[in-house]
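This briefing is meant to be read beside the sequence and the model.

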Amino acid sequence: MAKKRTTPIITDFDQIPADALAPEDEQPYEIPGHWKWVRLGAAVQTSRDKTEIFDGSEKYVGLEHLEKGGGLIGFGAASTLKSAKSIFKPGQLLYGKLRPYLDKHVIVDFDGVCSTDILVYEESPLVEMRWFETWVSSDLFIEQANAGTKGINLPRVSDKYLAATPFPLPPIDEQKAVVEKLQSTNQKIDDVLDRLDQFLDQVPQRRASIIQAGVSGMLTEDWRAENGQSREDWVESTLGGTFRWASGGTPARSNKAYFQGHIPWIKSGELPDGLIDGVAEYITEDAISSSSAKVFPKDSVAIAMYGATIGRTGILAFDAATNQAVAVAAKNEEVDSRFLFYFLQSSRERFMSLGKGGAQPNISQTVIKSFPFEYPVGDEQGEIVAVIEAALSGIETAYKITLDVREKVQAAKRAVRNRALRGIV
């Protein structure tokens with residue numbers, strides 16, 4: 001049963017009670033003279049309707065179904081629910097009151113039930129719900145909501161607190177007109193953001209394609225032609241036939257003194273698919289002598305063998321030891337370490353497919369050593385590395401520029417929204 005309301009909602013824009021208006025000293029900025037600053041709770045109110053009875057067909061919306069920044073990313077079924085949930089109807093706005101800085105909200109177009117950590121705002125005679133949602137997603141509202149949270153680990157803002165915050169209220173026809181124009185502008189901005197996101201999403205594949213083309217010799221066809229060399233001159237071998245491989249070990253954790261040394265000790269999760277120039281832990285020489293750990297020289301190439309990190313790689317920027325989850329190839333004077341590094345990167349998916357085991361699959365040194373490896377002899381290795389790194393540098397530059405542009409477009413979108421909430425369209 002719905003609880004009795006304590007604050008009446010305003011129904012006449014021209015006759016708003018004085019206690020429903022926000023005092024001048026609480027009005028955050030200037031709005032057009034014919035607009036009103038009102039208490040949020042006098043303009044829109046939350047539904048108190050709840051139920052503990054479910055027939056299993058209801059759609060359920062939890063906080064996990066509300067998208068950060070606004071929107072819905074799915075819903076669940078009510079068949080497994082046991083406690084009371086809030087009831088919502090089409091046209092109402094769902095607002096996540098837990099961690100309001102996440103900006104979770106959506107106007108629903110179906111019936112259902114939702115978590116009690118979601119406030120259900122009812123439609124109002126003087127408020128276009130899309131205007132209300134625009135306000136809810138504004139920086140000022142989010143700031144106010146965050147300021148009103150209680151709880152350290154699970155900060156929540158209450159309906160009562162939000163009801164007392166100021167809310168800009170234009171005539172409803174003007175709300176609709178502003179929202180229509182804002183949505184039209186936002187659609188154009190979103191189209192730009194979508195194109196930027198498409199490029200950003202493609203960057204990993206572009207990187208992988210360049211590396212694969214490089215280590216296979218495709219990017220140096222012209223170089224070979226100019227230098228009188230052929231792809232048939234490449235050496236066909238295996239990783240084990242070309243390099244000496246070894247793995248490390250973990251000193252006894254019970255002896256804390258072992259981890260107070262000066263020798264860098266690398267774990268598989270620290271392989272960055274790049275240069276390894278920092279580690280979290282250092283061990284002593286005694287730790288080396290009392291365990292399977294061993295020191296590998298600078299420029300050695302490492303690859304992870306276990307779990308989610310299978311196939312991750314790194315080049316040692318200094319002499320270092322590793323744990324047992326990392327295999328390391330000793331430097332071979334015939335093969336540039338960077339060529340091997342890029343070859344291993346290009347082969348990561350194949351290594352992952354060779355992983356064995358359940359929740360934590362792994363590859364062994366046997367798998368690594370038997371893996372086919374082709375490489376050119378002489379200067380072509382350096383040429384391949386140079387071409388790969390030049391191409392990757394270009395992609396990285398484009399990636400950073402795109403991120404910067406995207407941030408500026410997002411800022412422009414926020415600025416458009418903030419101007420609309422001030423009556424500037």
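Predicted model: local features only at pLDDT ≥ 70, side-chain atom pairs only at ≥ 80, totals over all residues.

With a relative accessibility of 5%, Ser86 counts as buried, because buried means under 20% relative accessible area.

- Ser86 has its place in strand S5, which is made up of residues 85-88.
- When neighbours within four places in sequence are left aside, the contacts of Ser86 are Asp49, Lys50, Gly112, Val113, Cys114, Ser115, Thr116, Ile118 and Val120.

- Arg99, which sits in the loop between strand S6 (93-96) and S7, has a phi near 50°, a positive value in a residue other than glycine.
- The relative accessible area of Arg99 is 26%, and the residue is therefore partly exposed.
- Asp273 also has a positive phi, near 55°, and is likewise a residue other than glycine; the loop that holds Asp273 runs between strand S13 (263-266) and strand S14 (274-276).
- Asp273 counts as partly exposed, because its relative accessibility is 30%.
- Asp19 belongs to the segment before strand S1 (36-39), and with a relative accessible area of 67% Asp19 is exposed.
- Between the C-alpha atoms of Asp19 and Ala42, which are 23 residues apart along the chain, the separation is 9.0 Å.

**Helix H12**

- Helix H12 takes in residues 379-420, 42 residues in total, and its span of 62 Å from first C-alpha to last is close to the 62 Å expected at 1.5 Å a residue.

- The largest pocket has a volume of about 850 Å³, and 26 residues line it, of which Gly69, His105, Ser137, Asn186 and Lys413 lie nearest its centre.
- At least two residues of the lining of the largest pocket come from each of strand S7 (105-107), H2, H3, H5 and H12, and the largest share, seven residues, is supplied by H5.
- By residue class, the lining of the largest pocket divides into six nonpolar, 10 polar and 10 charged residues.
- The second largest pocket holds about 570 Å³ of space, and of the 15 residues that line it, Pro204, Arg207, Ala208, Ile211 and Gln345 are the closest to its centre.
- Two or more residues of the lining of the second largest pocket come from each of H5, H9, helix H10 (348-353) and H12, with H5 giving the most, seven residues.
- The lining of the second largest pocket divides into five nonpolar, five polar and five charged residues.

**Aromatic rings**

- The structure holds 20 aromatic pairs.
- In one of these pairs, the rings of Phe243 and Phe373 have centres 5.6 Å apart and planes at 50°, so the pair is tilted.
- This pair links distant parts of the chain, 130 residues apart, since Phe243 lies in the loop between helix H7 (239-242) and strand S12 (245-247), whereas Phe373 lies in strand S21.
- Both members are buried: Phe243 has a relative accessibility of 5%, and Phe373 has a relative accessibility of 0%.
- Phe373 also forms an aromatic pair with Phe343, which is edge-to-face, with 4.8 Å from centre to centre and 75° between the planes.
- Phe343 lies in helix H9 and Phe373 in strand S21, so this second pair ties together parts that are 30 residues apart in sequence.
- Phe343, at 8% relative accessibility, counts as buried.

Conventions. Residues numbered from 1 in each chain as written. Heavy atoms only, no water. Helix = DSSP H or I, 4+ residues; strand = E, 2+ residues; numbered from the N terminus. Expected span 1.5 Å × (residues − 1). 1 Å grid on protein atoms, 1.4 Å probe; cavity = no way out; pocket = protein on both sides within 12 Å on 5 of 7 lines; lining within 4 Å. Points joined across faces, edges and corners; volume = space filled by probe spheres on them. Nonpolar A, V, L, I, M, F, W, Y, C, P; charged D, E, K, R; others polar. Buried < 20%, exposed > 50% of the residue type's maximum accessible area, 1.4 Å probe, protein only. Contact = heavy atoms within 4.5 Å. Phe/Tyr/Trp six-rings, centres within 6.5 Å; stacked < 30°, edge-to-face > 60°.
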